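Hi,

Here's the structure I promised to pass along. Have a look at it first, and then read on for what turned up.

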Amino acid sequence: MEMLITIAVIVAKITCIYGGMITIAALTTLAERKVSAWIQFRHGPNRVGPWGLLQPLADGVKFIFKEELVPDSANKWMFRLAPALAAMPAMMGVAVIPFAAESPFYGDVNQAGLTNPLAIADLGIGVLFILAFSGLSIYGIILGGWASNSKFSLLGAIRATAQMVSYELAMIISIMAIVVMSGSFNLTEIANAQSGEIWNWNIFSQPVAFMLFLIATFAETNRHPFDFAECEPELVGGFHTEFSSMRFALFFLGEYCAIFVMCCMTVLFFLGGFHVPFWEEAPWFLQVGAMLAKIIALLFLFIWVRWTIPRFRFDQLMGLGWKVFLPVAIVNLLITGGVVSFMGGN
Amino acid sequence: MVVVKRKTLSFSEKLYLPEIFKGMSMTFRAMFKPRVTRQYPEEPLPTSEVTRGQPRLATNDEDGSIRCVSCGLCEVACPAYAITIDGQDTERSAITISGDVTEKFIEREPKEFEIDMLRCILCGFCEEACPKDAIFMSDELELADFTRKDLIYGLDKLKRPVSQLRPRIDYIYKVNERWQASSSTR
């Protein structure tokens with residue numbers, strides 16, 4: 001009986017969290033078009049449903065019914081595998097994200113009898129899990145680029161790989177400063193270390209790490225101003241030039257899910273996570289609301305930056321990653337470690 | 001030889017972040033500026049009497065009778081051969097100012113008046129050719145249908161009360177007067 005309840009709770013949590021993530025990812029594509037339109041004095045999609053809210057649904061139906069083209073000279077097996085490999089790791093990351101301190105589901109307790117946080121799996125190594133899967137997402141891109149057997153795709157994939165590998169370093173090292181401060185790899189504990197007053201948020205004690213992480217996030221998710229993987233004027237569509245129909249949509253779904261997970265990470269590391277400012281014991285739905293509000297604000301920032309800043313040149317991007325971000329992140333980590341050990345523990 | 005002078009960047013410009021914030025504040029303010037897109041089907045383009053839309057046949061406001069006498073001049077004038085007319089006799093009654101019917105007379109009217117809107121080039125020659133002020137270019141511009149047959153407009157789709165076409169009629173008279181005044185062959 002207890003086993004059944006545990007399984008039911010896990011299934012319910014997976015359904016809610018994954019359903020919510022896919023919905024938000026779909027609405028982000030709409031928000032992207034809406035915000036870009038507003039910035040350019042246009043209206044954006046407003047024909048399908050009220051304020052165009054059903055536009056993602058219409059897009060999805062269109063993608064499903066489009067013809068799937070596979071280039072004659074492509075490596076068929078790899079070509080079909082690549083979109084799944086791009087979307088899967090991006091979606092896996094959300095499994096360890098806690099959305100509230102205490103799960104509202106009945107019987108969701110750990111072995112010590114304490115209520116679990118509202119996460120699919122509250123892993124002790126949650127940070128490493130997310131970083132590992134965001135590292136894996138390179139495979140989808142490089143496989144897609146290579147299997148297409150097209151110059152543009154391959155160039156886009158090579159650029160994306162070089163970029164993601166170099167920015168991952170700076171990103172991970174900037175996070176390590178937070179891990180040193182809160183003394184845990186568990187995302188719930190990192191968030192709990194920032195509960196209470198708003199100035200407990202890590203953004204105030206680690207502003208340099210926040211800027212580094214945020215900018216590295218843009219590079220990691222291949223977003224403007226670092227979207228070299230698909231930089232249209234130079235590479236047509238980059239790694240997804242040859243993809244059509246739902247396979248193309250899967251790349252996009254993966255991209256937006258990755259953005260969602262990265263926003264969750266930023267919120268958990270720097271913006272107090274699911275904690276409502278000044279109210280430690282807030283009920284679970286307010287905590288979920290606070291988390292979602294912070295995530296949506298960050299998603300807006302992503303879109304806003306995309307339609308403001310022009311694209312870097314590729315050598316500038318690599319120079320920025322290796323010559324600026326990496327040294328600054330290492331120095332930041334050294335100073336944090338020094339301060340923490342000098343103060344004695346946390 | 002052209003020497004391009006590069007601007008030396010100040011420290012804040014080299015930091016790059018202040019400039020980013022400047023740009024972002026600009027795009028944020030742009031989000032609340034009025035939109036310039038016209039929402040077309042709900043917000044049609046403004047038309048004026050100069051607009052040369054699809055030709056329409058004028059009908060008198062008093063009794064709804066058609067002004068066209070099926071003389072065939074527009075048919076001849078039409079450079080695209082879009083107009084087909086078949087005429088017939090009809091009995092009309094002259095009405096005095098007081099509203100009494102004084103006499104009956106025979107008049108010509110079109111039995112069939114077809115304009116193939118797929119051929120019509122909206123040139124307005126029919127309007128110029130018409131001696132009875134019966135055909136005018138309206139301000140109706142939208143032309144779409146599912147079959148070619150439906151786009152051959154008959155009398156039912158072409159008739160418009162003359163009051164609806166009044167701005168265009170007045171404009172045509174004004175232009176003709178100006179033309180006549182400046183004509184050397186008057």
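A quick definition before we start: a crossing of two helices is called left-handed if the near helix is turned anticlockwise from the far one by less than a right angle, and right-handed if clockwise. Also, keep in mind that this is a predicted model.

With that, take helix α3 (residues 76–92) and helix α10 (residues 245–270), both in chain A. Their crossing is left-handed. The angle between them is about 20°, and the axes lie 8 Å apart. Angles under 35 degrees count as roughly parallel, so α3(A) and α10(A) are roughly parallel to each other. On the α3(A) side, the contact includes A:Pro83, A:Ala84 and A:Met91, while α10(A) brings in A:Arg247, A:Phe251 and A:Cys257, among others. By class, the residues of this contact come to 12 nonpolar, 1 polar and 1 charged.

The other pair is helix α5 (residues 151–182) and helix α8 (residues 207–220), again in chain A, which pack at about 150° with axes 9 Å apart. That angle makes α5(A) roughly antiparallel to α8(A). The crossing of α5(A) and α8(A) is left-handed. Among the residues that meet here are A:Tyr167, A:Met171 and A:Ile178 from α5(A), and A:Leu212, A:Phe213 and A:Glu220 from α8(A). This contact of α5(A) with α8(A) has 12 nonpolar, 3 polar and 2 charged residues.

And between the chains? 9 residues of chain A are in contact with 11 residues of chain B. The chain A side of that contact has 6 nonpolar, 2 polar and 1 charged residues.

Cheers

How values were computed
Residues numbered from 1 in each chain as written. Chains lettered and ligands numbered in written order. Predicted model: local features only at pLDDT ≥ 70, side-chain atom pairs only at ≥ 80, totals over all residues. Axes fitted to C-alpha atoms, helices over the stretch in contact; angles between N-to-C directions. Helix = DSSP H or I, 4+ residues; strand = E, 2+ residues; numbered from the N terminus. Parallel < 35°, antiparallel > 145°, perpendicular 65-115°, else oblique. Contact = placed C-beta atoms within 7 Å. Nonpolar A, V, L, I, M, F, W, Y, C, P; charged D, E, K, R; others polar.
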